Amino acid sequence: MVGTYLNLIVQGALLGGLYAIFALGLSLSVGVMRFVNIAHGDFIVLMSFLLLVLSSVLKLNVLLVLPLVIPLAFAAGYVLQRLLLQRVIGDNALLPLLVTFGLSIIVQNGLLQGVGADTRTLSAGALDVASVQIGGLSIGVLPLLTFAVAVALAFGLDWLLYRSRLGAHIRAVTLDVAAADLIGLSSVRVYAIAMGIVGITVAIAACFMGLRMNFDPTSGPSRLLIAFEVVVLGGLGSLRGSLLGGIILGIAQTIGGQIDGAWQTLAGHIVFLTIFLLRPQGLLPRY
Amino acid sequence: MQHVPANQPLIIAVSRIVLLGGALALMVAPRFLDPGGLTMLTEFLCLLVLALMWNLLAGYADIVTVGQHAFVGIGAYAFYGAAVLLRLDPYLAIAAAGVVALIIALPAMLIVFRLRAAYLAVGTWVVAEVLMLAAGKLPNFGFGSGVSLPVAVAREFGARPAERFATIYWLALALAIAAFLSTWLLLRSRVGLGLTAMRDNEEAAGAMGVNLLRSRIVCFLWTAPFLGLAGAIITLQKLRISPAASFSIIDWTVFVIFIVVIGGIGSLEGPILGTILFFVLREHLATLGTWHLIILGTLSIVVILIEPRGLWGLLRKALGGDVIPVSHAARADFGKAEAP
């Protein structure tokens, strides 16, 4: 019995690694550009489909296709920010929200039109089912890899944002656009680079999501809700908090799903709302 | 300096007559329309109510909700529960839908008002998702697949289908008129004045003593019963409740946001214009399936880029004034010294 629950907690925590990857990009775009990208989940799903198509066309393992897609994802984020989102960010938080809302619906229905409503998954070949024995628990290699990537990404982004030159630029623009422009930073360029980095996290999230769970063109909103809950649980602007938030949500869902399959999603939401009411600033607030 | 056409008062007077004419046409419509047309007009009125409510929240009270469909669903389920399970008088059951929506809005507020600005949108979505999933767990309401409204309940609104459609139409029209007039009065009251002041300059409004939180709470609670009542009327028309359809985010939130954004957010004319346009587009695009939503999404982004106040924002520039005045004009002697 204890073994069962230990197993659930470990599996849940590993699932939480995936959720943290969902959330990192959202956390970055909220922290830097001060708006929640409603299309975040749909972008992840769109990238999953891109990976699916490319890996079948190139006949390559999807984990090998990912490095090819990452520059593309950076460019897509950069261009999206430069050409569209840059026009609406500013004092009125309503406008970027509504624009990304429109994008979300366009992506969902574009995918429905383009690839149909079928449910898909990605495959990494033999890695899909490989597992290792640790302390009597059988743990999948893929979930373990996902978790490792999540940790690396969280600490990497944290370093980038708070220790690097580029991070200093991004934070300067976030604090005061006019002052940043005054000292010679191009805020437009900095925003675009930040969104490009978000694009990279989206591509990574897409790869590991597709390997771990089913997706279809309308899966985006549920991924957005998870990413959002993780960001709020972790504490706004805290990338390492996202890791913790992801783990909590993953464990809550896994245990909920064990009690009754239909309760998986609901259990996650209820744990989120409960913690949020008790601790609205999040678990590891950055500021 | 605002552009004011030479014959501005005339244009505005004509616009108001058109608006009144439209309202009168709705009053006599049942005499001339077949059941199909009447059904569509009922849908139009329900969607108009939802659009007016979303506009009040997003356009005035700074509560950009993506969870509006939750209250429509709650209304549907409350109506079913009251009419079928509790066997209340069906008209009383409709009223119960509004009351239950209001009651559920109270705890929902605890969560929603802790989130600011951008977070609020997704926060409301989470709350709506929870309510929808919870509705699917209710044993007496058919769990996840839902349940049909018994024929006996539907008959209470008219023995023959034609009578029933007419009754439902009158209910929808009454709700739409009540929603429109009361929202208009709310916006012209102290609450609305404070919200408009807040929209223009939040700090100055606060410094002048506008109680921001109270105004926002009033608006949030204001919309809940209207959404619940609309949910009950929609259920009467569809004769079925289910988590997927009663809490449909596409039907009761996505379309509504597009209607208000394209028509013009932050005005009363905008939602009306948007709803009319939406139905015209729907007649032509509905057969296109997914393209319908792609076109609406693109249109809404284009409108935001060109004029954040929507089509009505563009028209208003041409007209040079409001057709439905929400603001109060300054009195002619405003600012002049008192006569000795």
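**Conventions**
I number residues from 1 along each chain as its sequence is written, and chains are lettered from A in the order in which they are written. Because the model is predicted, local features need pLDDT of at least 70 and side-chain atom pairs count only at pLDDT 80 or more, while totals for chains, interfaces and linings use all residues.

**Core**
I looked up the largest nonpolar core and found 200 residues in it. Such a core is a set of buried Ala, Val, Leu, Ile, Met, Phe, Trp, Tyr and Cys residues joined through C-beta atoms within 7 Å. Buried means 20 or more other C-beta atoms within 10 Å of the residue's own; exposed means 12 or fewer; partly exposed is in between, with C-beta atoms placed from the backbone. The residues with the most contacts inside the core are A:Leu97, A:Ala194, B:Val49, B:Leu50, B:Phe79, B:Ala230 and B:Ile233. Helix α8 (residues 187-212) of chain A gives the largest share, 17 residues. Helices (H or I, at least four residues) and strands (E, at least two) are DSSP runs, numbered from the N terminus.

I then picked B:Ala230. Neighbours within four places in sequence aside, B:Ala230 is in contact with B:Cys46, B:Val49, B:Leu50, B:Val72, B:Gly75 and B:Leu175. Contact means C-beta atoms, placed from the backbone, within 7 Å.

**Chain B against chain A**
I checked the interface next. On it, 29 residues of chain B are in contact with 35 residues of chain A. On the chain B side, the elements giving two or more residues are α4 (90-112), α5 (117-135), α12 (249-263) and α14 (290-306). By class, that side has 23 nonpolar, four polar and two charged residues. Here Ala, Val, Leu, Ile, Met, Phe, Trp, Tyr, Cys and Pro count as nonpolar, Asp, Glu, Lys and Arg as charged, and the others, Gly among them, as polar.

**Helix pairs in chain A**
I took α2 (residues 40-57) and α3 (residues 62-83) of chain A. They pack at about 125°, with axes 10 Å apart. Axes are lines fitted to C-alpha atoms, for helices over the stretch in contact, and angles run from 0 to 180 degrees between N-to-C directions. α2(A) and α3(A) are therefore oblique to each other. Angles under 35 degrees count as roughly parallel, over 145 as roughly antiparallel, 65 to 115 as roughly perpendicular and the rest as oblique. Residues of α2(A) at the contact include A:Met47 and A:Leu50, and those of α3(A) include A:Val62 and A:Ala73. This contact has nine nonpolar, one polar and no charged residues.

I also took α1 (residues 2-33) and α9 (residues 220-234) of chain A. Their angle is about 70° and their axes are 8 Å apart. α1(A) is therefore roughly perpendicular to α9(A). The contact of α1(A) with α9(A) divides into 11 nonpolar, one polar and one charged.

Most residues other than glycine have a negative phi. I noted B:Arg87, with a positive phi of about 55°. B:Arg87 sits in the loop between α3 (69-85) and α4 of chain B. With 11 C-beta neighbours inside 10 Å, B:Arg87 counts as exposed.

B:Leu239 has a positive phi near 60°. Its place is the loop between α10 (212-238) and β2 (240-241) of chain B. B:Leu239 is partly exposed, with 13 other C-beta atoms within 10 Å.

Technical notes. Contact = placed C-beta atoms within 7 Å.
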